[in-house]
Amino acid sequence: MPRYFIDSFDGDTCFIDNEGMDFADDAAARYHALDALPDMARDEVPDGDRRRFVVSVRDQAGEVIYSASLTLEGGWRSAPNGLARSGPQSPPG
Amino acid sequence: VTDFEPLIKALARRDEVSAAERRLIENLPKRIKSFRKGEELVQEHSRPAESCLVMHGFAAREVYLRDGKRQITAVHIPGDFVDLHAFLLKQMDHSVVALSECQAAFVPHQDLLRVVDEAPHLGRLLWLSTVIDGAIQRAWIACIGRRSSTAHFGHLICELYLRLNAVGLAEKSTFQFPVTQEELADILGLSLVHVNRTLRELRSAGLITWKGSTIEILDFDGLATLSDFDPSYLNLVSEPR
C-alpha cells in the first residue's frame, strides 16, 4: 500500500505529518483527510466567529495531491440582546 | 503464577480475598484457548455455557455498523471476566474479539454457579467486577460525548495504566498496548487522522511517549489534569463489599 502524509491546520496548530500512513489508494487518503475535518472542528468550535480548518494530502514524492478546508463564518445580523449568552462569544462587531 | 492470578489480584485490590475463596477460584475447571489478533472469543447471538476470562493479552467488545464502521465499546485486560454477562444474559448481544494475541480461560457456568453458592462474598466480588465494567462504560460515554479529543485520549491512557497496574502488568508509568492507529480510532470514536494529531499533541506537551506498543506516561498528574481524570470509578480501594 502506498504511503500518504496528511497535514492539517485547525486555525491554531499546524500539524505536519512526518510519519505518514498507508492507504489503499488516493481515494482512501482523501476519505481519511476529509474524515478528520469534523473532529478538528468539534474540538475548537464554538470559539469565535471565524475559523478555517485545512487538511492536505501529500504522496510519497512529497507532492500535495489533495486539499480541503472547512470554514466557519459567523456574525450578528442584528444587535444581540444581553451579554450573557451561553458560551464564549465575540462582542458585536 | 496460576492462570487466575490476574483475576485474584484485581479482586484483592477491591476487598480481602480469603484463602478459601482463593482456592475456590484456583480450582475452577477451565478450558484454555489461545487466539490470534482479530479472532472472536465470544460470538454475537451465541448462547455460551461458559464464561471467558482473559489471561494474557487484550480483548475488545465491538459493535459493527451496517456500513462497515466499527466502535470498540470496551477494552479488556488480563483478569477481566469478559462475558460474565452471558452467565445471566444467556444470549450475547455483542461479540468479543482478541485485540492482540490473547489467551483466555473458559469456565463452565455450572461451576461459577456452584462457587457463588458456596461463597456468597466471592459472588459479590464477581458482581462487583461487572459493576465496575458498567462504571468504565459510563466514563467512556462521557468521554465520547463531551470531552475534547486530547482529554479523551489522555483519559484512556490514565485508565489503562491504572487497570493494568492493579493486575501487576504496568509499572513505573509504562505499559504495553499493542494496537494499531485504526483500532485506537475505533476505541476513541475519532477519525484516524485526528487520532494522529491528538497523539502528537500529547507527545509534544511532554505527557507521554508511544514507541511501538510501549506507552510511557511522563507526567501522570499533568495527563490526569488535562484529561479531567478522576480514578474513583475504577474502585481501586480495598473495603468490605
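A salt bridge here is a side-chain nitrogen of Lys or Arg sitting within 4 Å of a carboxyl oxygen of Asp or Glu. By that rule, the count between chain B and chain A in this predicted model comes to two salt bridges. One of them pairs Glu19(A) with Arg203(B), whose closest N and O atoms are 3.5 Å apart. That distance falls inside the 4 Å limit, so the pair counts as a salt bridge.

Sorted by class, the side of chain B that touches chain A holds four nonpolar, seven polar and six charged residues.

As for the overall extent of the interface, 17 residues from chain B and 20 residues from chain A take part in the contact. Together the two chains bury about 1500 Å², and carbon and sulfur atoms account for 49% of it. In chain B, the residues that lose the most area to chain A are Val193(B), Arg197(B) and Arg200(B), which together make up 42% of what that side buries.

H8(B) also packs inside its own chain. Its axis and that of helix H6 (residues 149-166) of chain B come within 9 Å and cross at roughly 70°. Since angles of 65 to 115 degrees count as roughly perpendicular, H6(B) is roughly perpendicular to H8(B). From H6(B), the residues involved are Ser149(B), Thr150(B), Phe153(B), Gly154(B) and Ile157(B); they meet His194(B), Val195(B), Thr198(B), Leu199(B), Glu201(B) and Leu202(B) in H8(B).

One links the side chains of Arg58(A) and Asp7(A), at 2.8 Å from N to O. Arg58(A) belongs to strand E4 (residues 50-58) of chain A and Asp7(A) to strand E1 (residues 3-9) of chain A, so this pair ties together parts that are 51 residues apart in sequence.

Terms used. Residues numbered from 1 in each chain as written. Chains lettered and ligands numbered in written order. Predicted model: local features only at pLDDT ≥ 70, side-chain atom pairs only at ≥ 80, totals over all residues. Heavy atoms only, no water. Contact = heavy atoms within 4.5 Å. Buried area = accessible area lost by both parts, 1.4 Å probe. Nonpolar A, V, L, I, M, F, W, Y, C, P; charged D, E, K, R; others polar. Axes fitted to C-alpha atoms, helices over the stretch in contact; angles between N-to-C directions. Helix = DSSP H or I, 4+ residues; strand = E, 2+ residues; numbered from the N terminus. Parallel < 35°, antiparallel > 145°, perpendicular 65-115°, else oblique.
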